[in-house]
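Colleague: Could you walk me through a few spots in this one? I'd like to start with a helix end and go on from there.

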Amino acid sequence: MIESTANKLLGKSENTTVYVCVLYYFIMAIFVPGFFTIHNSWNLLFNLLPLLIVAIGQTYVMLGAGIDLSVTSIVAMTSIIGGYCLSDITAFIEPVWLRIVFSLGAMLLTGALIGLINGVSVAKLGMPAFMVTLTTMMLFSGTAIWLTRSQNSYMLPESFVNMPYTSLWFIPLPLLIGLVVVGIAYFLLNNTLYGEWLPSVGMNSKTAAISGVKVQSTTIWSYIICGCCAAVASILYTARLETGSPVMGQHILLDVIGSVVIGGTSLFGGVGKIQWTVIGAVFIIMLDNSLNLMGMSYFLIMIIKGLVILLAAMMNLLKEGKY
Amino acid sequence: MLLQLKNIKKSFGKVEVLKGITFSLDEGMILGLIGENGAGKSTMMNLLGGIFPPTAGEMFLNGETYLPNSPIAAQSKGVAFIHQELNLFPNLSIAENLFINQFPKKRFFGVSRIDKKTINVKAKELLGQVGLTMDPNKKVEELSPAPRQLVEIAKALGANPKIIIFDEPTTSLSHHEAKKLFELIKKLKAQGIAMIYISHNLDDVLKLVDSVAILRDGELVRMDEKKSFDIQTMVKEMVGREMLEFFPGRMKKIGKKVLEVENLTAKGFIKDVTFHIKKQEVVGFYGLVGAGRSEMVRVLYGLDRFDSGSIVWKGELIDKTNPVLSIQRGIAFLTEDRIEEGLLTRMNIQKNAQLAALGHFTKGLLHRINRFEAKEKVKEKVYATKTKYENLTEQLVSTLSGGNQQKIVLAKWLLTDPELLILDEPTKGIDIGAKREIYGLINNLVENGSSVLMISSELEELMGLCDRIIVMSKGKITASFDKSQFERNTILEVALHKQTAIL
């Protein structure tokens, strides 16, 4: 019964990832001291949320057969914009919530704008996504550091930095934000015209164009969505670290792409689901956390994560019958 | 006897493409191989060229069993293949192209490297044999089609072939260049090389060959010496059987003009194309591959641009056209390349069938999709097309047979309720049963008020379905026939025979 519900929810072939995930969780819970504790569970959840949100944006781009390597720079760029808007400079704006709304709006707008630049370069100018976003990653990472002279902004309003510990209807705000993003992303992909168009563009843009799909704008929007997701993640990171930092999120790129790939979204576009990426992100976070608890060094963890993602990419190809 | 084929059969899946071919070829003999598109010529040549093995039957070369497992194996046995699309690397030099399969090497302190001196000398020699006096170091991309063809032949000669197969070698050559090629072919013949010459240009075939072999529907219907053929008998044998009863009739009530095209020109593809289509009329376009028919409909549909001319749709001049607008206007376009341009192969049947008509099933600002309605409508159309499938939403479209895939693409376009359906080779590579069903669907559509523009390389199909047939050649319309004037030999002659006259 549970299995058939899971089948319905997740489709068929991707069940393996769920099983591996659950199995891994139990093994770690039994053998790694400190893994199965309330403190660590919260830790897992709060590490998961921002990563998951960025990965969901990435899923959209990869569904359209693109890739967005610039997500880390979007996190950084929006973080310093947010930090700037929330700092003393805007202290004259009253009340505080208006300041926060204004700042968060500015962050989202920045994310969307960088996404727009990526999208237009890929869709209208026909440049390879990998090249475009690798370049914008350098461009905006550099800009973030240059603008702030590598200074963090502290002095953020109390009510903003308290956000991670605030609850609404007994649900912690970050979790609520995460659920809303997952919900919207799921709805958009499963119930709307855009959700039909995007995978068709990713799978075969010629067929899509001939069938009346607006290929260019579909692609551009996927990058805008990705930029907005990175901005939302940046809000969570910025609030939790209580700083607007120009190097925010600089190490998450592998985890982001890893989440999408482990989830099973096709490397060639056209096939992928939000719920897959959720599982992928959960797995990456568990892996990272458990290896940490085992006392492994950062570099060793990098090696293991890299191998796991490579293996996932290989499984991905296997599923598409490429071997 | 140099080459001998005994009862060669070849099937792809369930479709039998060659149904037992037996013939032989002597040294220094030129055999002309003719047949309609899809008759099995390419399949037969691919068997000889080592692209794939036969399903049944035997081949002998010089009395020994001949069963090449790759083009290189075929070449080393002495069978060379000059493809219709030339297989040269434009970014490499002539000499490099000539020796791409096997570079002469020399050793320098035990390290083997390419022997450039030998290559240059040998390349000049080979080029001399085909009458080219060019620097072998010149890049192939700098050459025009005719010398490229000669380079290809020189490359083939480099392997000391006993048999050379030419597939439509003159399509990209001018009259004068073709003449020079024929001289070369005669010279090779004098050297004892046997040749198989495949062409749609029947005049050329008659001029050049010793014997003619005619393929039809995978069978060798006649092979005889040249003197027993003229153009008319060749055409008759190529087309063969009576098939008109194969096409269901249709109530005729042709209305007023829906589409008027005037002097449509897209530089390099089509020139001054003028025609019209009336309501409930089926207009067929016939011509050789490369005559500009596909290019013309791509322009009409808005996939490619045009330079001058006008398109009037239902009395309104169209100045801007793209697929989105075309679908809104009620124009649908089933493309020739089913896999690359018609299907989303890794998606299920439902998603493929609903793609073009998605707008009908959405509502609200967010364009929410009514899945239930979409599924019902798709089910209805897929049922109407008699597609054989197991599950609409679970089964990938790639698991269907070619004919059923085509029906899904057709269902996709029928779901948009088209007023004009453009079909580019709608029955290419699908079996007879599926063909007949597609003809039925076209007739149904027309009886319900739509018009159809149909491109096909099967003349019988056009004659059976169309109210009018327009013949194109080299990007221009060269003739138009009303139903009362349909006579297959006349139409074929305009398309094939007069080809050279138009030049």
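Modeller: Bear in mind that this is a predicted model. In chain B, H9(B) is followed by B:Gly302, whose phi is positive, near 95°.

Colleague: And helix H9 of chain B itself, how many of its residues are buried?

Modeller: The helix spans residues 293–301 and is mostly covered, with nine of its nine residues buried; among them are B:Arg293, B:Glu295 and B:Arg298, as well as B:Met296 and B:Leu300.

Colleague: Which strands does H9(B) lie across?

Modeller: H9(B) lies across strands E13 (257–266), E14 and E16 of chain B, and it runs at about 65° to E14(B).

Colleague: What is the strand order in that sheet?

Modeller: The order is E14-E13-E16-E17 in chain B, an open sheet of four strands with antiparallel pairing. Strand E14 (270–278) and E17 of chain B each have a single partner strand, so they stand at the edges with one side lacking a neighbour in the sheet. From one strand to the next, the twist averages 20°.

Colleague: How many bridges join E16(B) and E17(B)?

Modeller: They pair in the antiparallel sense over three bridges, and B:Ile311 has B:Ile318 in E17(B) as its bridge partner.

Colleague: Changing topic, where does B:Lys314 lie?

Modeller: B:Lys314 is in the loop between strand E16 (308–313) and strand E17 (316–318) of chain B, and its phi is positive, about 50°, although it is not a glycine.

Colleague: Why does B:Lys314 count as partly exposed?

Modeller: Because 15 other C-beta atoms lie within 10 Å of B:Lys314, whereas a buried residue needs 20 or more and an exposed one has 12 or fewer.

Technical notes: Residues are numbered from 1 along each chain as its sequence is written. Chains are lettered from A and ligands numbered from 1 in the order in which they are written. This is a predicted model: local features need pLDDT of at least 70, side-chain atom pairs count only at pLDDT 80 or more; totals for chains, interfaces and linings use all residues. Helices (H or I, at least four residues) and strands (E, at least two) are DSSP runs, numbered from the N terminus. Two strands pair if DSSP finds at least two bridges between them. Axes are lines fitted to C-alpha atoms, for helices over the stretch in contact, and angles run from 0 to 180 degrees between N-to-C directions. Two residues are in contact if their C-beta atoms, placed from the backbone, lie within 7 Å.
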